[in-house]
Amino acid sequence: MIDHPFHGFRELFEQLGLPSDEQSIRRFIETHAPLPRHVALPDAPFWTQPQAAFLRDARCEDADWAEVVDRLDAALRG
């Protein structure tokens, strides 16, 4: 049995190099939502290239980060 670590928004935002306190995370989501359905999360214009690559890789590789990336995607879609 493989044990996958659980990552929350705070850890994801730290990984992305963004402010990771609760207020900053909430402000980020409020500022960038709603993300149009036709725009894939990594293709959103507010990411840097390294951030977009991380988000894309997290999903493609079904990495430990995939679940929290999916949760961020849902939060940004409103």
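Leu55, Ala58 and Arg59 in α3 meet Ala66, Val69, Asp70 and Asp73 in α4, where a contact means heavy atoms within 4.5 Å. The residues of this contact comprise four nonpolar, no polar and three charged; Ala, Val, Leu, Ile, Met, Phe, Trp, Tyr, Cys and Pro count as nonpolar, Asp, Glu, Lys and Arg as charged, and the others, Gly among them, as polar. The model is predicted: local features need pLDDT of at least 70 and side-chain atom pairs count only at pLDDT 80 or more, whereas totals for chains, interfaces and linings use all residues. Residues are numbered from 1 along each chain as its sequence is written, and side-chain values use heavy atoms, with hydrogens and water left out.

Helices are DSSP runs (H or I, at least four residues) numbered from the N terminus. Helix α3 covers residues 49-60 and helix α4 residues 66-77. Axes are lines fitted to C-alpha atoms over the stretch in contact, and angles run from 0 to 180 degrees between N-to-C directions. The table sets out the two helix pairs.

| Pair | Angle | Axis separation |
|---|---|---|
| α3 and α4 | about 120 degrees | 8 Å |
| α2 and α4 | roughly 55 degrees | within 8 Å |

The angle makes α2 oblique to α4; angles under 35 degrees count as roughly parallel, over 145 as roughly antiparallel, 65 to 115 as roughly perpendicular and the rest as oblique. In this second pair, Phe28, Ile29 and His32 of α2 meet Leu72, Ala75 and Leu76 of α4. By class, that contact has five nonpolar residues, one polar and no charged.

Within α4 itself, Ala66, Val68, Val69, Leu72, Asp73, Leu76 and Arg77 are buried, that is, under 20% relative accessible area with a 1.4 Å probe and protein chains only. The cover over these buried residues includes α1 (9-15), α2 (22-32) and α3. The twelve residues of α4 should span 16 Å at 1.5 Å a residue, and the 17 Å between its end C-alpha atoms agrees with this; the expected span is 1.5 Å times one less than the number of residues. Just after α4, Gly78 takes a positive phi of about 80 degrees.

Phe6 lies in the segment before α1. Its relative accessible area is 60%, so Phe6 is exposed (over 50%). Phe6 and Val68 are 62 residues apart in sequence, with their C-alpha atoms 8.3 Å apart in space. Neighbours within four places in sequence aside, Phe6 is in contact with Glu67 and Arg71.

How values were computed:
Helices (H or I, at least four residues) and strands (E, at least two) are DSSP runs, numbered from the N terminus.
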